[in-house]
Structures are given as C-alpha cells and as structure tokens.
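Hello,

Here is the structure I promised to hand over. Have a look at it first, and then read on for what turned up.

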There are 2 protein chains.
Amino acid sequence: MPDRFIDPAVQRPVTLKSIAKQLGVSVTTVARSLKDGHKISAETVRLVRETAEDLGYVRNLDGLRLRTGRTMSILAFLGASADDEIGDADSVGILAGIHRRLAGTDYTVRAVPVIPGVDILPELANAVRMRQADGVIIDHTRPQDERVDYLRESGMPFVTFGRTDTSTDHAFFDLDNHDAAFKSTRSLIDLGYKRIAIIGSDPSFRFVQDRLEGYRHALTAARLPFDPALALNVERQPRLIRAATSRLVAEARPDAFLCENELYLIPTIAGVRDAGAKPLDDYGFSLRSTNNLAEYLALRVTSAHYSRESAGWNLADLLLRQIGGAAPKCLQTIAKTDLRHFNL
Amino acid sequence: MPDRFIDPAVQRPVTLKSIAKQLGVSVTTVARSLKDGHKISAETVRLVRETAEDLGYVRNLDGLRLRTGRTMSILAFLGASADDEIGDADSVGILAGIHRRLAGTDYTVRAVPVIPGVDILPELANAVRMRQADGVIIDHTRPQDERVDYLRESGMPFVTFGRTDTSTDHAFFDLDNHDAAFKSTRSLIDLGYKRIAIIGSDPSFRFVQDRLEGYRHALTAARLPFDPALALNVERQPRLIRAATSRLVAEARPDAFLCENELYLIPTIAGVRDAGAKPLDDYGFSLRSTNNLAEYLALRVTSAHYSRESAGWNLADLLLRQIGGAAPKCLQTIAKTDLRHFNL
C-alpha cells in the first residue's frame, strides 16, 4: 500500500490558505467558493473549485464535527432477508434514495442490514450511547415497536418507514395502504372480476388491516358482497401460501387475487396452477409493488406501485429536517401508490 | 434535540483513566481489557467492559485515525437496479456479510448503491482523492473495467466481486461458473432431460463464456450433441427473453432450460407458457441463485446455489487482509456453488 494511504503526514495537506495563495485571492473567497459561493462570482467559484480538486484538497469535516458536536452521519437499519430467502431488493433502492437526498450535504449514511429474527436493539442502543450518528432510520416497523420506544426515550432523532400504534408523536414515512387496496380492488372489478380473494399476512399489522378495509370499501362501492371465505391470512412461507391458495380456489372459486406483495403473488400463482380449475391467463392478480415483476410473469396484473428510491429520499429528508430542529409530529408523510397495468 | 447530541462538551467525557479510577485498576489494564484482553483475567475483562458500557465510554477512534493515518472505513459499491426494475436483493445480503466480517473490528462500511448506467468513476475518484476510505469493494465487474484500472493506478486497496481480464494482479472473489454450469447440466441430464437449452446474457462477459463451456463439457461427458439452436444469448429485458424463449421452444423443442439467474428464469417460464407445447411441469429448469425462489415457483428446478452473505464476508476479509499488507495476487478466491433441488 502506498504511503499516502497509511501516512498522510508525509504529504503536506492542502489548506484553504494554500489554495488562496496559489490563486492570489483571499482565504474568505476560497472558503465561500467551496461552501456555497455566496457573494462570489460564478467564474471565481469555478476556478477555486477546480484548483481545490487539482490540488487534492480534503475538506476537514473534523472541524465541523467539533464545532457542532454532530457526527455528520446517519444510520439506516434496512430490512434484509435470511441468507437464502428471496430477498428484499427494496432496501438497496431505499438506500439509493437516501444517498440521493444526502448528495450535496455533508452527511453520509451507514446502512445496517437487518436480518429477520435478529434483535437490533443492542446495536441501536450502542450506536446511541456511542453517539455514532445524528439520526436513525428504521423500517419494517411493527405496531408495538421497542426500537421506537427506545429511540423516543433516548432523544435521538429518528424516522420510521411505516406507522406504529404510537406514531402520533414521531416522524414517519408510510404508504396509503387503504387507498392502494381500494384502487386495486376497484380496478379488478372494472375488468369484470367479481369474486376477488384477498391474501395477506398477520392481521395484527396495521397495513394488513388497512388493506382489508380498502378492499371491503371497494366491494361495497360496487355493491358486491364481502365473502369471508375469500379473505386469507397466511404466514409468509411459500409452501403454506401455495397450499392455502390451492384450497381457496377449490372451495371458494375466486376469479382474481389481491396479494400483499410479490412474496405472496408468486406462491399464489403456484397454488392456482395446482388447483387446475382454469388457465392462469383467465385470472386477475394484483399486488403492491415497487417493480416490474408483473411484466416478467406475463399474467394479468394490476400493481399498486410506489418508488423505493422516493421512499428513501423522503425518509432521509424527514430525518435531516428533524436534525435541523423541526418537530417530529410535523414530519409525517403518507404517500399514495399509483396503479400500473400489465398484460391487460 | 437534547443537548447531549448537539453539544457533547456539556458532559465530561468518560476516559480510560476515569474507568480505571472507578475500578481501582491501572489504565493499562483498562486499555487491554477493552482492546483484546491480552494478559488480563476474563473476570477483569468482563468487569471493565461492563463498567465502560455503564459509564457510556466512547472509544476515541480519532486517535487511532491520527496515529495510523487510516480512516477505519471501507467503501462498498454494490449493484442496485433502476428504480422500478425487479431489483438486486443480493446486494443487501452481501452488505450483511461485510458487516458480519467487520463486527469486532474498528472498521465500518459505507455502502453506495450503483444504478446501472450510472458511471461511478467520478464518485470513486473523489473518494480516493479525499481519502474517504482505506479500501474499496466493487461488484458487477466487467472484463475491461475502468474502475479497476483507476483503482490499480491509485494504489487504493480494492477487491472485486468477479474477475476481469487483468485479474491476475488484483484481489477478487468469484464463483466457479464453469463448475456451476457443468454440475447443473449434468443434474438435468441425470433427470432424463436430453435437449437442454442454455439462456444467458452478453457473451463478452467472462462468466457467460464460462457457463457455456461448463454446459458443453457436461454434454460431451454424457455423449450428448451440442446443438447451437439451443444456445440463446439475449439482453436482460423480460419481453425480449420471453419472446426469444417462445420462439426457441417452437423451433428447437428443448425439454429443459439452464438460465443465468432469476431475471432470466421468470420470463423464460412465461415464454414456455406462451409456446404452449407441453405443461410447465414437464420441463426442467436450472439457474444460479442465492435464494429459494424455486420453491415459490413450484417447478422442477435445480439451483446452483451460493450464499450472498458468505460472498460479502469473503470480500471484506480479502480487503482487510490487503489493507493489512497482504499482496493482492495472493488474495484471490474462487468459490464453488452447491446444487439444490426443488420439487424433484
């Protein structure tokens, strides 16, 4: 490894002063040009920045850290999957959105993948005690979430992706799941489907309840009956979903399926195939999704779509505003999904 | 935001000295207990660490950074997808593996998601010039990769996931793609399939060539002919793959499909369905994968499996060893996949 990486002292550091000297301008001019260009001509700003880059100027964030007592870093605990599970591609997109929001600020983000079943509370508490960050983002929020309780207690600024039962007083970004299910169901009804099954996970999650309400609301609006035999709650295990869907098709004769997400949609398709009642192409499907999986599947799919990058951007934006002093309860965003149709 | 986050100076910092005083032991004992416990009894190590935690001791990495000239940080540029593409869940798993390797060291990782088509060279060059990290991990390596050229030139330690044409002299972690394709093809042959199609991307990628060779090798070993009509190279666009597979089924009558990964497998299934020659369950499928998607799909699938977490662990391990002084050309790992069978 060359010296410059293990011993920066062998090179004389480039300072605001040395840049000023080289260009024959004042240190203030250099500082302002590198900061925001306030009261400096565009030409000078360009020249200073180019020179700083050529000389390899390294902005000393340590000074900023000492002056403000801030770490200039945020922590994002993002959902991962057990090593050989299908995986959670959304986290990378969320991280890309966070990066996009932080670009041009002095903040960096440290992303910590969270494997399901692993308790992150010790790591979170350690990060808070060691003051490793100025703020925290967490996702896969539960209605009763001890991470949220801990963070609220600690005074560390934080934003959740999803609401909790106590979300009235903390910052969050969430999707309008009631609206997503309502629009998706109405879209399937408009396509002529009449016996729409709804398939999802644990009804103790708020978003699962919201989906069911949006679905029932759309049925009522179209004067279709709600048949409890068409509402299926099943653990997110492919074999269980597949078997339960197959039974559902045999017993309740649905013509369409409103699935929670792709991890429900794919085994639902397998279950429908197993039941063998009608060709796959005759059925309608719907899911909440961030991507174009439906195009790959080549089935009739309505997707309630949201942008994972935009979710990340919003999470980081809410957090920066909170670090900047805004009140958490004023930092709550609920975003609408938009419908996309595939193979229709 | 409470004061302790914006002004740490209002609290007296907990030092090695104050911990030593509280416990009535020497500063050396405290330092060793917190570092590696060398020559200290297990009981004392436990006591010191508990006390340090109770007092809220913050290890001052700034001193370490100044002393060594290191940032104690590594950068990982990890593949993401365009915002609404299916996504790359592997990156989160790789990041989890990197975290697992760094746990217990003083290193942290900063993950930068790389959207396809976005040139990361400026950001990479900036990170090198600004000495933002002691080492870099990059993935989705190309045979001719200007990021690799830049990093080699800069002297910054780096490790690639995948080999380049110049990989003789840099550190890398890669999978044995020849072996994966050989084993997968042989497995399909053992199951009775005789007309196995191979579907993949751009043959200018080394791993695509390696797969084709492994496939041909297995055919030869089983005295099966190589039929060029069964080898399909098509861009990773679901519509293109679906249409090309449908044509392939009509024209070349394959009975099994060796797909590059899930982004090829899923539209291949759609194409086979479109062709409508035989029920889906009659076909065999194979892919290289990190996950259990095949279980969700409920088809006859042989998967050449590797652990994305293990890949991340290895990448971080190779990088730390290089930062520690090991020669890059001694830091080259090629890992074998293992076969998993689904619904067989």
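In which sense do strand β3 and strand β4 of chain A pair, and over how many bridges? The two strands, residues 135-138 and residues 158-161 of chain A, run in the parallel sense and are joined over three bridges. One residue to look for here is I137(A), whose bridge partner in β4(A) is V159(A). Please keep in mind that this is a predicted model.

**The sheet of chain A**

That pair belongs to an open sheet of six strands in chain A, with the order β2-β1-β3-β4-β5-β11 and parallel pairing. At its edges stand β2 (108-114) and β11 (332-335) of chain A; each has a single partner strand, so one side of each is left without a neighbour in the sheet. On average, neighbouring strands of this sheet are turned by 15° against each other, direction ignored.

Helices from both chains pack on this sheet. Helix α6 of chain A (residues 90-102) touches β1 (73-79), β2, β3 and β4 of chain A, and its direction makes about 160° with that of β1(A). Helix α6 of chain B (residues 90-102) touches β1 and β2 of chain A, with its direction at about 95° to that of β2(A).

**An aromatic pair**

Over all chains, the structure holds 12 aromatic pairs. One of them is formed by F161(A) and F173(A): the ring centres are 5.5 Å apart and the planes stand at 55°, so the pair is tilted. F161(A) lies in strand β4 of chain A and F173(A) in strand β5 (residues 171-175) of chain A, so this pair ties together parts that are 12 residues apart in sequence.

**The sheet of chain B**

Chain B also has an open sheet of six strands, in the order β2-β1-β3-β4-β5-β11 with parallel pairing. Here β2 (108-114) and β11 (332-335) of chain B are at the edges with a single partner strand each, so one side of each has no neighbour in the sheet.

Helix α6(B) lies across β1, β2, β3 (135-138) and β4 (158-161) of chain B, running at about 160° to β1(B).

**Space inside**

A search of the whole structure finds seven cavities of 30 Å³ or more. The largest cavity holds about 140 Å³ of space. Its lining is made up of 14 residues, and those nearest its centre are I269(A), L297(A), I269(B), R273(B) and L297(B). The elements giving two or more residues to this lining are α12 (262-275) of chain A and α12 (262-275) of chain B. By class, the lining has 12 nonpolar residues, no polar ones and two charged ones.

Enjoy exploring!

Best wishes

Definitions and conventions: Residues are numbered from 1 along each chain as its sequence is written. Chains are lettered from A and ligands numbered from 1 in the order in which they are written. This is a predicted model: local features need pLDDT of at least 70, side-chain atom pairs count only at pLDDT 80 or more; totals for chains, interfaces and linings use all residues. Side-chain values use heavy atoms; hydrogens and water are left out. On a 1 Å grid over the protein atoms alone, a cavity is a set of points where a 1.4 Å probe fits but cannot get out, and a pocket is an open set with protein on both sides within 12 Å along at least five of seven lines; lining residues have an atom within 4 Å of a point. Grid points are joined across faces, edges and corners, and a volume is the space filled by probe spheres set on the points. Helices (H or I, at least four residues) and strands (E, at least two) are DSSP runs, numbered from the N terminus. Ala, Val, Leu, Ile, Met, Phe, Trp, Tyr, Cys and Pro count as nonpolar, Asp, Glu, Lys and Arg as charged, and the others, Gly among them, as polar. Two strands pair if DSSP finds at least two bridges between them. Axes are lines fitted to C-alpha atoms, for helices over the stretch in contact, and angles run from 0 to 180 degrees between N-to-C directions. Contact means heavy atoms within 4.5 Å. Rings of Phe, Tyr and Trp (its six-membered ring) pair if their centres lie within 6.5 Å; planes under 30 degrees apart count as stacked, over 60 as edge-to-face and the rest as tilted.
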